[in-house]
Structure formats: C-alpha cells, structure tokens
Amino acid sequence: MENIPNGWDLASIISLTFVKGLTYNECTRIINKYVSFDDFSKNAFNLRQGDFFENESKDKNGISVIQKSEEQIEFAEKNDYKIITVWNDAYPSLLKQIDYPPIVLYIWGDLQPADAISISVVGTRKCTYYGKMVTEQFVSEFVKQNILITSGMANGIDSIAHGTAIKNNGITYALIASGLDKISSQVANQTANDIVTSGGAVITEYKFGTPAMQGYFLHRNRIISGISKATLVVESAYKGGAMNTAKFADMHSRDVFVIPGNITSEKSLGTNNLIRRHKAIIAISPKTMLEDMGILEIDDKSVVDNQNKNTFEQNITFSNPAEEKIYNNLSNEPIHIDTLIGLTGLDISELLVQLIDMEFEELVRQLPGKHYVRNITL
C-alpha cells in the first residue's frame, strides 16, 4: 500500500526522478511543500535547478515527464513488473534507514515482508574454488535460518550465492545497475528468471530502458548493503565492487564480515586488509557469524570444539578404511589423482571406485583435470 504524503500519486513521484540532480531529501521536501507535480513544475524557478518548467518538464520531442512516467507504469503493468515508492509498506525497512534511499524501486518478482532479514553475499567475479565452496556453505546455512540472500547477479561469488540459495529452496534478491528490461547477457537473464521463479526478486532504482553504466554499479552497491542486516565479503582484491559494498555497509552502521584468505592470493588482498584495518569481523563459520549477529544463541561448546577441529568438518562416517585414508589425504586445495595415488598407496582402479562412491556420498568433489578436493559444504 502506497502512503505518499500530500496527495501525490505514483506517476508524479516517478516524474520527480526525471529531474536531474534532485536528492532524496530535496524530493521529500518538494512532495511535502507542493500539492502536485504540476504545482511544483510551475513554481520550480524558486529552486536551485532554475527554470524547471522550461528545461526539465519536457524532453526535446516535447514529451512531458508526466507522460513518460505514465509510460513507465504502463510498461510495468504489461510486463508483470512492479514499481513502489519509499512510502510503500512493502519497501524494505532497512533500506529506508540509509542516507538517500532510492525514492522509487522497480521490481521483477516478489518482495518478502519489509522486515525480513537479509545478508548480502558479495565477492570477486573471478573467484577461486575455495571461494566457491565457502560461498555455498555459508549461503546453505543462512537459508536454513530463513535468511534472504542478497547480491548483485554478477559472475563469480554473486552468481554462486544466488544459485546456492535457489538450490536450497531459499529466497534471494538481485540488485542490478540497469533497467529491468536491460539485463545485459543471456546468462544473467537466466539467473534473473531463476530468482523470480523461485520466489525472489530482481530489484533496481533505474527506469525501464536504462542500460547499465559504470557509475551505476556504485549506486547499486549502496542498495545491496542498505537492504541487508550484514554483508559477507568472500573474496576480493584491494579494489572492486565487493569492497565498495563493504564500505557502504560500514557507512550504514551494518556489520561487515569477511572470509579470511590465503595471504599470497590476490583474491584475498581486500578481505585480509579489511581484517587488518579492523573494518570487518572474521567469519570462520556460518554458525559463528550468525551468533555474532545475534540470530543464533552463542554455543560455548562449539567454540571450544572448533579450536581442535576444522570448522568445516562435521561428524563423518566412512564406508571403509580406504575412504577414510583418501579423505585424510585431501584438503581444500585441489590434488591431482596421480598425487593421491602416491599419498594413499591405493591401486588406480581401487582409488577411482572409491572416489566415485565418495562423490555420491558428497564427501569429495572432482574438479577439471582429475583434481579432487574435500567437499566442505557437507
């Protein structure tokens, strides 16, 4: 339900967003001061943007911004999209609390209740296998707690986060830096369809017909962090979208968590630097992260146990001694099958049979080139 003050309607609110340079605070001041968009446009010479009615209320073809706004609404209705303002009851509560929240959101899919808890999961486009597995493990556990997974639908960590949420019957939001009708690639379109079909939503502050531009991604990142109770950065170099999202989360006084990484890996330079600068909390497991957020009660016993046990391991039952030997010689780093033969002392045919069984049991994963790793997403 829209509760726009002073009698303004949706088309009038969208019309304001066509006025270049208007901030959120200026828009709300205008809505509270004037009784309609027409009233505003006729008196706008008193504002900093100059003669609005001459320069902004119509484009070069003489089409008024009200007409263009009505076309936006008509397009949404024809294509099963939604448009809501910051005064709508469905508008995410946490997003309203940031400085300069989007005054209008364009939505494909379904929003969850405004107070639903979201965690944003972000990271590099070119992630390592370790980053992929950690993302899958954390997102799987978050979904079990009915937590929304929010990300930016980019390749790498973002897409893995969305895909893992969907695979585990969870709900995920994707924030994009273009209009909903301008999703750029076939892969991204398929991801968007999967998100919507599974009950989630693709969200943007950009009008229909707006292509993605470099500067829009920075604005998009502020929404990713703003809509979420916490941000988890899995892997990132010193610079990049994930680091910008972390900065926005810090500005919004939201928790920032990071996965600690290999100090020699470029993909962990950004995350490790956040730890060094005390700008983030180390996430050693989904459970401890949720405990730090106050979503789960702290289990002191689990903390003690984890000092003497790999955080990612759980109680594992092996079918035979050979499986245990193989598992103990694997790690989170890929190991070639030839190396595994030497470490285990098993015959190649026996080793292959055991590895196939262990894949079915989800104890190990096979990577390209006959490399194997432990499956840490048990």
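**Sheet, cavity and aromatic contacts in the model**

Strand E5 (residues 172-175) and strand E6 (residues 201-204) run parallel and are joined by 3 bridges. Within this pairing, Tyr173 has Ala201 of E6 as its bridge partner. The structure is a predicted model. Both strands belong to an open sheet of 9 strands with mixed pairing, in the order E1-E2-E6-E5-E4-E3-E7-E8-E9. The edges are formed by strand E1 (82-85) and strand E9 (281-282); each has a single partner strand, so one side of each is left without a neighbour in the sheet.

A search of the whole structure returned 1 cavity of 30 Å³ or more. Of the 13 residues lining the largest cavity, Pro92, Pro113, Ala114, Ala116 and Tyr173 are the closest to its centre. The space in the largest cavity amounts to about 80 Å³. Its lining comprises 10 nonpolar and 3 polar residues, with no charged residues.

Elsewhere, ring pairs connect Phe75, Tyr81, Tyr106, Trp108 and Phe208 into a cluster. A contact between a charge and a ring was found for Lys207, which lies over the face of Phe18 at 4.5 Å from the ring centre.

Backbone angles were also examined. Most residues other than glycine have a negative phi. Asn146, although not a glycine, has a positive phi of about 60 degrees. This residue is located in the loop between H7 and strand E4 (148-151). Asn146 has a relative accessible area of 71% and is therefore exposed, the cut-off being over 50%. A positive phi of about 60 degrees is likewise found at Asn169, which is not a glycine. Asn169 lies in the loop between helix H8 (157-167) and E5. With a relative accessibility of 72%, Asn169 counts as exposed.

Note on methods: Residues numbered from 1 in each chain as written. Predicted model: local features only at pLDDT ≥ 70, side-chain atom pairs only at ≥ 80, totals over all residues. Heavy atoms only, no water. Phe/Tyr/Trp six-rings, centres within 6.5 Å; stacked < 30°, edge-to-face > 60°. Lys NZ or Arg CZ within 6 Å of the ring centre and 35° of its normal. Pairing = 2+ DSSP bridges. Helix = DSSP H or I, 4+ residues; strand = E, 2+ residues; numbered from the N terminus. 1 Å grid on protein atoms, 1.4 Å probe; cavity = no way out; pocket = protein on both sides within 12 Å on 5 of 7 lines; lining within 4 Å. Points joined across faces, edges and corners; volume = space filled by probe spheres on them. Nonpolar A, V, L, I, M, F, W, Y, C, P; charged D, E, K, R; others polar. Buried < 20%, exposed > 50% of the residue type's maximum accessible area, 1.4 Å probe, protein only.
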